[in-house]
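Colleague: I have not worked with this structure before. Could you please take me through it?

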Amino acid sequence: MDFPIQSLIDEEQAQAWMLNHFHPQGLSCPKCQASVSEARKFRKTETSGLQVYRCKHCESIYNLYTGTVFAGTQFRPSQVVLILRGVCQGVSSAQLGRELGISRQTILSIRRKLQSSAEAIQP
Ligand SMILES: [Zn+2]
């Protein structure tokens, strides 16, 4: 039996989860660190549906993925949560790719980036 787990995850909930984990101090401008409350809502990304913000102070544009290994990708929030879950649980790149409809190569590349950033923050 297949479990369509991706379609069972609410995109808003996935974004809230990422905000907590990626930006525990709250979302802010990557350039001048002004809070997201000092940014204008600019547009939404087409595929991932993320809100894009433009900083009122320095005009920088950013979203929830900015400054993370997912910056510049078009994954939906539910896909990001499930990629992280799969990598943490040691699911193979091939299986994870199949489950999420993402190529194995892409999963492998994200896995490597996650591993090297995890190593970078080790003492
Ligand atoms: Zn700024």
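**A first look at the chain**

Modeller: Of the 123 residues in the chain, 24% are buried. Please keep in mind that this is a predicted model.

Colleague: How many helices and strands does the chain have?

Modeller: There are five helices and three strands. Along the sequence they follow the pattern α-α-β-β-β-α-α-α.

Colleague: And what box do the C-alpha atoms fill?

Modeller: Along the principal axes, that box is roughly 50 × 35 × 20 Å. Among contacts with a separation of 6 or more, 47% join residues 24 or more positions apart.

Colleague: Let us turn to Cys 29. Where is it found?

Modeller: Cys 29 sits in the loop between helix H2 (11–22) and strand E1 (39–44).

Colleague: Is Cys 29 buried or exposed?

Modeller: Cys 29 counts as buried because it has 22 C-beta neighbours inside 10 Å, and the cut-off for buried is 20 or more.

Colleague: Which residues does it touch, not counting those up to four places away in sequence?

Modeller: Cys 29 touches Ala 34, Ala 39, Cys 55, His 57, Cys 58, Ser 60 and Tyr 62.

Colleague: A change of topic: which residues of H3 are buried?

Modeller: In H3, Pro 77, Ser 78, Gln 79, Val 80, Val 81, Leu 82 and Ile 83 are buried.

Colleague: What span should helix H3 have?

Modeller: Helix H3 has twelve residues, so at 1.5 Å a residue it should span 16 Å; its end C-alpha atoms are 17 Å apart, which agrees. Just after H3, Gly 90 has a positive phi of about 75°.

Note on methods:
Residues are numbered from 1 along each chain as its sequence is written. This is a predicted model: local features need pLDDT of at least 70, side-chain atom pairs count only at pLDDT 80 or more; totals for chains, interfaces and linings use all residues. Helices (H or I, at least four residues) and strands (E, at least two) are DSSP runs, numbered from the N terminus. A residue is buried if 20 or more other C-beta atoms lie within 10 Å of its own, exposed if 12 or fewer, and partly exposed in between; C-beta atoms are placed from the backbone. Two residues are in contact if their C-beta atoms, placed from the backbone, lie within 7 Å. The expected span of a helix is 1.5 Å times one less than its number of residues.
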